[in-house]
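Welcome, and thanks for taking a look at this one.

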Amino acid sequence: MIRDYRVFIGVPTFNREGELLKCLESISLQTYKNFKVFISDNNSSDNSVKLLKKYCNTDDRFDFIVQSENIGWYENFKYLLERGSGYEYFVWAASDDRWSENYLDNAIKILDKNVDVACVQGEEVVFFSIETGNALSHIKVFDRLNKASRLETIACMFKRGYNLFIMGVFRTKILSEAFSNFPMVPSSDRYFLLQLPLKGWRIRGINNATYYRGIHELSAADRYRGDSYLEKVKISEKKIFDFSSWPAIGRMLSKSNPNFAIVKYIMIIFFVSRFKIGVLKVIKKMLKATNLNAYNAIYKLIQKKRK
């Protein structure tokens, strides 16, 4: 029964027999136990299904489905979100990622205590190699969001690692509303998350909890050849000026906040981030302006660049 559990954990997977078991064990070891896990296998051709059948028989909180055909990453994520729509909290757990044992417990405590917080992610992120298991790097900066203003939160979304909040713990209703506007464009995870602060919701780091992010040697586009979205991302990453995403992003953001000046502000951040410039430094200068004229002028210059 849905009401028996507070958290729905959706695990999208495809040909991940080497990592899937470690992911499921990481979930099973959580100190917080009031969750339901549902795995959507995207028609794998390896031994993932055999593994799932065996593992799900050991814990009735775990269940799975095998899609009749590969429906693509987006539809698989969407399927899991729809499946978990009746639960209070929702989280996507990538089949090659891991959590510290206190991850869910600390996440739920923050969400229960702070009704204005829509999403939380581990305060620390450790990137590790899928092929070797070795740690590659780590970041511990999400705590700056705990006291950030709305505009500061928006700026942070363009910094390294902050796009990983899409794999954080959400209020299900808020996530479902935002995901309905998901733009199928490169860097869509970042733009999708911008809807939350635009609507007044806060995003926070989970104190003393770690999210372990698996990194592959091959890019997603190279691992999943034929996926039109991933091919589009690969092409976009090679360009300095790529404004093809702007119309879709603008429509999404305008739905979240009718104040077009704010949307322009975000577009400027996007433009600046393409040059790997210190985004926060630029934004701080903008925030010192007494009115919107500073970034309205910059926006007009960027529009000319597009032409």
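In which helix do Asp105 and Lys109 both lie, and how many residues apart are they? Both lie in helix α4, four residues apart, or about one turn of the helix; helices (DSSP runs of H or I, at least four residues) and strands (runs of E, at least two) are numbered from the N terminus. Please keep in mind that this is a predicted model, where local features need pLDDT of at least 70, side-chain atom pairs count only at pLDDT 80 or more, and totals for chains, interfaces and linings use all residues. Residues are numbered from 1 along each chain as its sequence is written, and side-chain values use heavy atoms, with hydrogens and water left out.

**Salt bridges**

- The model has eight salt bridges, each defined as a side-chain nitrogen of Lys or Arg within 4 Å of a carboxyl oxygen of Asp or Glu.
- One of them joins the side chains of Asp105 and Lys109, at 3.5 Å from N to O.
- Asp105 is partly exposed at 21% relative accessibility, where buried means under 20% relative accessible area, exposed over 50%, and partly exposed in between (1.4 Å probe, protein chains only).

- Glu88 and Arg6 meet through their side chains in a salt bridge of 2.8 Å, N to O.
- That pair links distant parts of the chain, 82 residues apart: Glu88 sits in the loop between α3 (72-83) and β4 (89-92), and Arg6 in the segment before β1 (7-13).
- Arg6 also forms a salt bridge with Asp112, with the closest N and O atoms 2.7 Å apart.
- Because Arg6 lies in the segment before β1 and Asp112 in helix α4 (residues 103-113), this pair ties together parts that are 106 residues apart in sequence.
- Shared partners join Arg6, Glu88 and Asp112 into one network of salt bridges.
- Arg6 is partly exposed at 24% relative accessibility, as are Glu88 at 37% and Asp112 at 38%.

**The cavity**

- There is one cavity of 30 Å³ or more, a cavity being a set of points on a 1 Å grid over the protein atoms alone where a 1.4 Å probe fits but cannot get out.
- The largest cavity holds about 30 Å³ of space, its volume being the space filled by probe spheres set on the points, which are joined across faces, edges and corners.
- Its lining residues (those with an atom within 4 Å of a point) include Cys23, Ser26, Ile27, Trp99 and Tyr211.
- α1 (17-28) and β5 (98-99) each supply at least two lining residues, and α1 gives the largest share, three residues.

Technical notes:
On a 1 Å grid over the protein atoms alone, a cavity is a set of points where a 1.4 Å probe fits but cannot get out, and a pocket is an open set with protein on both sides within 12 Å along at least five of seven lines; lining residues have an atom within 4 Å of a point.
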